[in-house]
Amino acid sequence: MYVCICKGVTERALREAIYQGADRMRDLKACLGVTEQCGLCACHVKQVLDQTLEQKSHTQDLMPQSFSTQSTCMCENAA
């Protein structure tokens with residue numbers, strides 16, 4: 001589902017960016033451009049961010065230490 005119509009950003013793209021290391025609204029704005037134009041997507045972006053961070057945290061808690069990996073946001077390399 002599209003979250004940001006102005007920039008054509010989907011929930012899937014948001015979740016991928018979050019799993020790659022974007023953990024704040026400003027990271028998603030810098031990475032994907034969400035909330036830059038009309039700002040109507042901000043509430044939904046925040047909701048997806050919070051839900052995905054919770055899922056990510058839960059997943060990492062279940063993963064053995066030897067399998068956990070440090071990931072960085074691919075968006076940082078694109079800028």
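This is a predicted model: local features need pLDDT of at least 70, side-chain atom pairs count only at pLDDT 80 or more; totals for chains, interfaces and linings use all residues.

Mentor: Residues are numbered from 1 along each chain as its sequence is written, and side-chain values use heavy atoms, with hydrogens and water left out.

Trainee: In what order do the elements of the chain run from the N terminus on?
Mentor: Helices (H or I, at least four residues) and strands (E, at least two) are DSSP runs, numbered from the N terminus. The chain has 4 helices and 2 strands. From the N terminus on, the order is β-β-α-α-α-α.

Trainee: Which element has the lowest mean pLDDT?
Mentor: pLDDT is the predictor's confidence in each residue, from 0 to 100. The chain averages 86, and 78% of the residues score at least 70. Strand β2 (residues 9-10) has the highest mean among the elements, 98. The lowest mean, 57, belongs to helix α4 (residues 74-78).

Trainee: How are α1 and α2 oriented to each other, parallel or perpendicular?
Mentor: Axes are lines fitted to C-alpha atoms, for helices over the stretch in contact, and angles run from 0 to 180 degrees between N-to-C directions. The axes of α1 (residues 11-19) and α2 (residues 25-32) come within 11 Å and cross at roughly 115 degrees. Angles under 35 degrees count as roughly parallel, over 145 as roughly antiparallel, 65 to 115 as roughly perpendicular and the rest as oblique. So α1 is roughly perpendicular to α2.

Trainee: By class, which residues make the contact of α1 with α2?
Mentor: Contact means heavy atoms within 4.5 Å. A13, L14, A17 and I18 in α1 meet L28, C31 and L32 in α2. Ala, Val, Leu, Ile, Met, Phe, Trp, Tyr, Cys and Pro count as nonpolar, Asp, Glu, Lys and Arg as charged, and the others, Gly among them, as polar. The contact has no polar and no charged residues, and 7 nonpolar.

Trainee: How are α1 and α3 oriented to each other, parallel or oblique?
Mentor: The axes of α1 and α3 come within 10 Å. They cross at roughly 45 degrees. The two helices are therefore oblique.

Trainee: By class, how many residues does the contact of α1 with α3 have?
Mentor: On the α1 side are E11, L14, R15, I18 and Y19. They meet α3 residues including H44, V48, Q51 and K56. The counts are 7 nonpolar, 5 polar and 3 charged.

Trainee: Is D27 buried or exposed?
Mentor: D27 is found in helix α2. Leaving aside neighbours within four places in sequence, D27 is in contact with G21 and A22. Buried means under 20% relative accessible area, exposed over 50%, partly exposed in between (1.4 Å probe, protein chains only). At 16% relative accessibility, D27 is buried.

Trainee: Phi of T35 is near what value?
Mentor: T35 sits in the loop between α2 and α3. Its relative accessibility is 23%, so T35 counts as partly exposed. Most residues other than glycine have a negative phi. In T35, phi is positive, near 70 degrees.

Trainee: What separates the C-alpha atoms of C38 and C6?
Mentor: C38 lies in the loop between α2 and α3 (42-62). At 48% relative accessibility, C38 counts as partly exposed. C38 and C6 are 32 residues apart along the chain, and their C-alpha atoms are separated by 7.5 Å.

Trainee: What share of the residues in the chain is buried?
Mentor: The chain has 79 residues. A13 in helix α1, at 25% relative accessibility, counts as partly exposed. Buried residues make up 27%.
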